[in-house]
Amino acid sequence: MGGSGPSPAIPLQHKQEELDGDGWEYASLFGWRFHLQQRRSDSFRRRRWRRRMEPLERTGPAAVFALEGALGGVTDDKSDDGKSDGKSASTLSFGVNRPTISCIFDSGNRFHLRCYLYQARDLMAMDKDSFSDPYAIVSFLHQSQKTVVEKNTLNPTWDQTLIFYEIEIFGNSRDVAESPPNILVEIYDHDTYGADEFMGRCICRPSLERSPRLSWYPVLKSGRNVGELLAAFELIQREKPAVHHIPGFESDLSSSLDESADSDLPYPPPQREPNVYMVPQGIKPVLQRTAIEILAWGLRNLKSFQLASVTSPSLLVECGGQRVQSGVIKNVKKNPNFDVCVLFMEVRLPKESLYSPPIILKIIDNRPFGRRPVVGHLTPRDDVLIDIDDKEPLIPIQLSEGLTSSALINIPDSRAPPHEEEFIDWWSKFYASTGEREKCGYYLEKGFDTLKVYETELENCDPYVKISVGKKSINDQENYLPCTLEPVFGKMFELSCTLPLEKDLRVTLYDYDLLSKDERIGETVIDLENRFLSKHGARCGLPQTYCVWVPPSLRLECP
């Protein structure tokens, strides 16, 4: 490979004896394009240098990818302030008089790539309805393909195989096997009107092993995690030249091509529709019949949506391509609970929990004229799925109408261990903020926020308490405690309320000021309905003893 830089132009009348030598380029005027053959109109010449470029390391990508102006070095034509300077990046990199940079390989290998894209989860919402229409574009070297579009979801299940029939990778076959080129997967939101929006990308590494396992790859955008992709990539080295396949015309070419032309490749996966291949059974997760029971008590603290309050909501549960919907709450202000609190679903889910799709909860507001917008959605993380054995009815007979087949729900005798959330509360946040890791449990591992704890003493204040629930409140301003940062009120306040309509108890501390308006020190909100229904026996009143550290289930007793 050769490269050169411009040398100072020399008039032809000087050093006439060098004209007979090789390695010169000529031009008629300074700044014009140089050529190899001398002409009568030429007035300037320059030395043409030839160098041999070799990589510093024998392993890794080929040297062409490190050259200036290669695919990895393409830059935008605009400057940092967003304005174009009128010159393209290629002109600035090479110039008019720069020689052409080329790279010649003496060895290459033909490969066949299969990309198994099963599903993605926790993607970003790009549309106004808090959902997206995602599809994925897979790029490998100079080739790319894309999946089908999944409508209105943040957890798409493509279940699709993208096939790159012939890819030529230059370099030593051993080096390619040890360090194959990376695969770029970009996820976009499909828009009917306007350009598709970029949602994130992930860089994946292909495997040369047959039937690779699906793995979760983080989807990144601007350096932050915006979802996960469940996929696998199989790179197969060809033993003979591949048959050229034209995307979209594979079925037309199959009749004219010899069936033995691709005999060194695995059999193609089954097609869900023309030219849309599914993930084969050896790689796709093994599914089993699974029953899901949803206990839906009611809805609380609903905010307005599209400048209108939510008055008649219902719950829609989706998982594994199946869905079940609750009854409609006729008036959320009078009774925010569901009439039927138990919902059942029968779905086919993977046996391995690593591949299980998420359960999606959607809140739908049933508005006049048939409008049913999605006003909120949630993807719970700690889902409890039930194994099944085909012996007895899958669900109780009185609730099995509309469901097919039968099986037995295997429920273990021992009680399941409590969720990690039960070990994480306000005290975990406090101990994590003070650096006492042995007492904060899983708080820091979950990535939750911490408090800023000041070591210096604060100024004294005159605190008093204000308590409110619903439209009722008690203000104890007259009994403020002067000049203290550790007040002990020692009082009991009684208020009557109606659950669940008036469930939030607000306890606010104020600093009494004689001349100016009282300043609010802080506020806490206690969910009375949650305390009333808690299995830990939460109740009001002071404990008989005070403990610095107690088990999480007893922390509700702490003052």
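1. Throughout this note, buried means under 20% relative accessible area, exposed means over 50%, and partly exposed lies in between (1.4 Å probe, protein chains only). Trp297 is partly exposed, at a relative accessible area of 48%. This residue sits in the loop between β14 (287–295) and β15 (313–319); helices (H or I, at least four residues) and strands (E, at least two) are DSSP runs, numbered from the N terminus.

2. The model is predicted: local features need pLDDT of at least 70, side-chain atom pairs count only at pLDDT 80 or more, and totals for chains, interfaces and linings use all residues. Residues are numbered from 1 along each chain as its sequence is written, and side-chain values use heavy atoms, with hydrogens and water left out.

3. Five helices and 25 strands are assigned in the protein. Of its 559 residues, 33% are buried.

4. The largest nonpolar core has 29 residues, among which Leu113, Leu117, Val138, Val185, Leu229 and Phe233 touch the most other members. Such a core is a set of buried Ala, Val, Leu, Ile, Met, Phe, Trp, Tyr and Cys residues joined through side-chain atoms within 4.5 Å. Elements giving two or more residues to this core include β4 (108–121), β8 (183–189) and β11 (224–237). A second, separate core of 17 residues includes Ile292, Ala296, Cys319 and Val332.

5. The count of disulfides is zero, a disulfide being a pair of cysteine sulfur atoms within 2.5 Å. For Cys204, the closest cysteine sulfur is that of Cys202, at 3.8 Å, which is too far for a bond. Cys204 is buried, with a relative accessible area of 1%, whereas Cys341 counts as partly exposed at 25%.

6. The whole structure contains 18 salt bridges, each defined as a side-chain nitrogen of Lys or Arg within 4 Å of a carboxyl oxygen of Asp or Glu. One of them joins Glu25 and Arg46 at 2.8 Å, N to O. This pair links distant parts of the chain, with Glu25 in strand β2 (residues 24–27) and Arg46 in strand β3 (residues 44–47), 21 residues apart. Both ends are buried: Glu25 has a relative accessible area of 10%, and Arg46 one of 5%.

7. Lys503 takes part in a salt bridge with Asp504 (2.9 Å, N to O) and in another with Asp527, where the closest N and O atoms are 3.4 Å apart. Lys503 counts as buried at 7% relative accessibility, while Asp527 counts as partly exposed at 27%.
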